[in-house]
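Colleague: I would be grateful for a guided reading of this model. Please take me through it one topic at a time.

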Amino acid sequence: MVGQIEIIGVPLDLGADRRGVDMGPSAIRYAGLSVKLKSLGLRVEDRGNVDAPIAEAIDIELPNAKYLSKVRDVCLSLSKKVASSVRTGKVPLVLGGDHSIAIGTLAGIRNGISKESSEDFGVIWLDAHGDFNTPDITPSGNIHGMSLAFAAGQGSKWFPPPWPKRSVDPKKIVIVGARQLDPKEQVNLKKSGVKVLSMSDIDRVGMMAVMKDAINDASDNGNNKIHVSLDLDLVDPSDAPGVGTPVRGGATYREAHLAMEMIHESGLMRSLEVVEVNPILDQQNATAELAVELILSAMGKRII
Ligand SMILES: [Mn+2]
């Protein structure tokens, strides 16, 4: 049974090139998130949105880490909310926004876990992309393509103390569904120890075997819990057209559900983040509705 869920919205799109994902939290709420979670018998509290500035009102500071200080401010507010949620034994459900918010979510989980406990956590990162660039190697300068590298210990130059030096051990990170990695990002992933299970792996052995592997590795064979970060671009654009950065050749609708169902069955999910829903590119809110469906599967909804 999932504990009490706390919804936290983050209407941020400064980490991405294209506007629109700032409306993601509204679209996901409009698709009935709270009511549907409650219909599963879960306790849900919506804590509203973290404040986020808009691109039109501010300047790009660094070309290789656009809007860095503003992304950092938003992530700091988010990390405090997530940490308090974790400290009080709740399950944070973070709604993006672009994927740069993961820096705040993951720091919040790390800070929320008591320093005295031996508790740790791993991450399953469901995404078409690796988000494992840094300002030194990025082709775009967009921070949503760097968030996982920052959280895995490569961000201290740009997110200095009091930010955690490393929010998550790269050996406990598994990326699932990757199909578009930048050349230097590939090198960085390989030397970091992050496991990448690509669409090619899903083609070859199926989503079930891939997720079994992912859950085992991220949880250190069941020894720690898992944070799940779902970028809706995991799913093929035919089923998820309204995302920040669509890439063809993604997971099918059923594969995505299977992944979330297996995460629930593992009993190991400690928190969930759903990002990159872009209502401007969407078709009648279909992608936000899919996001809600996938959240419900992760929280225990079953067909029978
Ligand atoms: Mn992403």
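Modeller: Along the chain, the donors of the manganese ion follow the spacing H-x27-D-x3-D-x99-D. Residues are numbered from 1 along each chain as its sequence is written, and the model is a predicted one, in which local features need pLDDT of at least 70, side-chain atom pairs count only at pLDDT 80 or more, and totals for chains, interfaces and linings use all residues. Side-chain values use heavy atoms, with hydrogens and water left out.

Colleague: Which residues coordinate the manganese ion, and at what distances?

Modeller: Donors are N, O and S atoms within 2.8 Å of the metal (3.2 Å for Na, K and Ca), and sites may look incomplete because water is not among the atoms. By this rule the manganese ion is coordinated by His99 through ND1 and by Asp127, Asp131 and Asp231 through OD, at 2.0 to 2.3 Å.

Colleague: How many residues apart in sequence are the parts that Asp131 and Asp231 tie together?

Modeller: Both Asp131 and Asp231 are buried, where buried means under 20% relative accessible area, exposed over 50% and partly exposed in between (1.4 Å probe, protein chains only). Helices (H or I, at least four residues) and strands (E, at least two) are DSSP runs, numbered from the N terminus. Asp131 lies in the loop between S4 and H5 and Asp231 in strand S7, so the parts tied together are 100 residues apart in sequence.

Colleague: Is helix H4 mostly covered or mostly uncovered, and which elements are involved?

Modeller: Helix H4, residues 102-112, is mostly covered, with nine of its eleven residues buried. Among these buried residues are Ile103, Leu106 and Ile109. Contact means heavy atoms within 4.5 Å. The elements covering the buried residues of H4 include helix H3 (68-87), strand S3 (91-96), strand S4 (121-126), helix H5 (147-154), strand S7 (225-231) and strand S8 (269-275).

Colleague: Which residues link into a cluster through ring pairs?

Modeller: Rings of Phe, Tyr and Trp (its six-membered ring) pair if their centres lie within 6.5 Å; planes under 30 degrees apart count as stacked, over 60 as edge-to-face and the rest as tilted. Phe150 and Phe159 form a tilted pair, at 5.4 Å centre to centre and 55° between the planes. The rings of Phe159 and Trp163 have centres 5.0 Å apart and planes at 85°, so that pair is edge-to-face. The cluster linked by ring pairs consists of Phe150, Trp158, Phe159 and Trp163.
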